[in-house]
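Welcome! Have the sequence and the 3D view ready, and try each exercise before you read its solution.

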Amino acid sequence: MAIVTSSTSQISPANERVFHQSKLLGEWKGNWVGNNQPVGFKVVNIRGARAQVEYTHNGHTERGFAEVNGSLITFGGVTVGTKDGKSMVLLFSVGGAGKQTANLEKQDPPASDSRLMGSWGGYSSDNGKSASFKVLSVNGKEAQVSVTTDGVTRQGTGTVYKNVIMFGQAQIATDDGQNGKIIYQVGTKSFMVPVTKYPPADSSSSVDKTA
């Protein structure tokens with residue numbers, strides 16, 4: 001029996017187009033209507049008709065696989081759905097024991113989870129350009145960055161959109177957190193440079209013994 005450990009989602013383009021299932025991904029927190037007790041729901045990934053989820057209530061967390069049906073996810077007696085990707089409605093219903101409703105809000109991922117964090121650099125043999133991009137911090141929709149293109153370094157605040165950071169005439173994008181690309185514009189021309197993330201420097205790896 002194969003065990004899926006990757007958190008990568010596999011949402012079919014057709015389902016995404018109709019149901020916008022990617023809006024369900026992420027961590028959601030809120031409170032039950034009525035007693036105001038905290039409740040949380042996390043959608044780790046969606047693979048076809050199954051979703052890997054975590055449901056937190058009454059101080060403990062249940063983990064497992066839920067059923068995906070269109071724009072809704074059902075996990076035991078819990079059904080969740082969102083229209084805008086920001087607010088989620090959670091409905092709990094078991095047998096004739098009545099129903100409970102909770103309103104949840106999407107949580108921003110912690111900065112350390114950003115795949116874009118770190119130092120990137122590369123060279124394009126197609127255009128002879130090299131570029132580097134350093135992402136110092138990510139806070140919601142903003143990132144502190146340092147970009148070097150054509151030998152000129154610029155620092156400031158960039159805009160984060162999913163796996164892309166835009167800063168001035170440059171942007172960096174990555175799909176896997178290890179490989180990416182820098183696209184920057186000079187006048188009317190655009191240049192693309194493939195980049196890789198440098199390993200984080202620490203006391204053990206910063207000394208290169210090549211003797």
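This is a predicted model: local features need pLDDT of at least 70, side-chain atom pairs count only at pLDDT 80 or more; totals for chains, interfaces and linings use all residues.

Residues are numbered from 1 along each chain as its sequence is written, and side-chain values use heavy atoms, with hydrogens and water left out.

**Exercise 1. Find the barrel and a pair of its strands**

Task: Work out which strands make up the closed barrel, and which residue stands opposite alanine 170.

Solution: 
- Step 1. Begin with the terms: strands (E, at least two residues) are DSSP runs numbered from the N terminus, and two strands pair if DSSP finds at least two bridges between them.
- Step 2. Follow the order 9-10-11-12-13-14-15-16: these eight strands form a closed barrel with antiparallel pairing. From one strand to the next, the twist averages 30°, where axes are lines fitted to C-alpha atoms and angles run from 0 to 180 degrees between N-to-C directions.
- Step 3. Look at strand 14 (residues 170–174) and strand 15 (residues 179–186), which run antiparallel and are joined by five bridges.
- Step 4. Opposite alanine 170 you will find tyrosine 184, in strand 15.

**Exercise 2. Trace a hairpin**

Task: Follow strand 6 into strand 7 and say which residue in the turn has a positive phi.

Solution: 
- Step 1. Strands of a sheet pair through backbone hydrogen bonds, either parallel or antiparallel. Strand 6 and strand 7 pair in the antiparallel sense, over five bridges.
- Step 2. The two strands form a hairpin with four residues between them, and glycine 85 in the turn has a positive phi of about 75°.
- Step 3. Now go on to strand 8: strand 7 pairs with strand 8 in the antiparallel sense over seven bridges, and phenylalanine 92 stands opposite glutamine 100.

**Exercise 3. Explore the nonpolar cores**

Task: Say how many residues the largest nonpolar core has and which strand gives the most to this core.

Solution: 
- Step 1. A nonpolar core is a set of buried Ala, Val, Leu, Ile, Met, Phe, Trp, Tyr and Cys residues joined through side-chain atoms within 4.5 Å. Buried means under 20% relative accessible area, exposed means over 50%, and partly exposed lies in between (1.4 Å probe, protein chains only).
- Step 2. The largest core has 20 residues, and Phe41, Tyr55, Ile73, Leu90 and Leu104 have the most contacts inside it.
- Step 3. Elements giving two or more residues to this core include strand 1 (26–32), strand 2 (38–47) and strand 3 (50–57). Strand 2 gives the most, with four residues.
- Step 4. Apart from this core lies another, of 19 residues, among them Ala131, Val138, Val147 and Ile165.
- Step 5. Zoom in on leucine 90: beyond its neighbours within four places in sequence, its contacts (heavy atoms within 4.5 Å) include Trp32, Val39, Phe41 and Tyr55.

**Exercise 4. Classify aromatic pairs**

Task: Decide why the pair of tryptophan 32 and phenylalanine 92 is edge-to-face, and why the pair of phenylalanine 41 and tyrosine 55 is tilted.

Solution: 
- Step 1. Rings of Phe, Tyr and Trp (its six-membered ring) pair if their centres lie within 6.5 Å; planes under 30 degrees apart count as stacked, over 60 as edge-to-face and the rest as tilted.
- Step 2. The structure holds three aromatic pairs. In one of them, the ring centres of tryptophan 32 and phenylalanine 92 are 6.5 Å apart and the planes stand at 75°, so this pair is edge-to-face.
- Step 3. Tryptophan 32 is in strand 1 and phenylalanine 92 in strand 7, so the pair ties together parts 60 residues apart in sequence. Tryptophan 32 is buried at 6%, whereas phenylalanine 92 is partly exposed at 27%.
- Step 4. For phenylalanine 41 and tyrosine 55, the centres are 6.2 Å apart and the planes at 50°, so the pair is tilted. Phenylalanine 41 is buried at 1% relative accessibility, and tyrosine 55 is buried at 3%.

**Exercise 5. Check the salt bridges**

Task: Find which residue forms a salt bridge with lysine 129.

Solution: 
- Step 1. A salt bridge is a side-chain nitrogen of Lys or Arg within 4 Å of a carboxyl oxygen of Asp or Glu. The whole structure has three salt bridges.
- Step 2. Lysine 129 meets aspartate 150, at 3.2 Å from N to O. Lysine 129 lies in strand 10 (residues 129–139) and aspartate 150 in the loop between strand 11 (142–149) and strand 12 (152–161), so the pair ties together parts that are 21 residues apart in sequence.
- Step 3. Arginine 63 and glutamate 54 also form a salt bridge, at 3.4 Å from N to O. Arginine 63 is exposed at 61%, whereas glutamate 54 is partly exposed at 22%.
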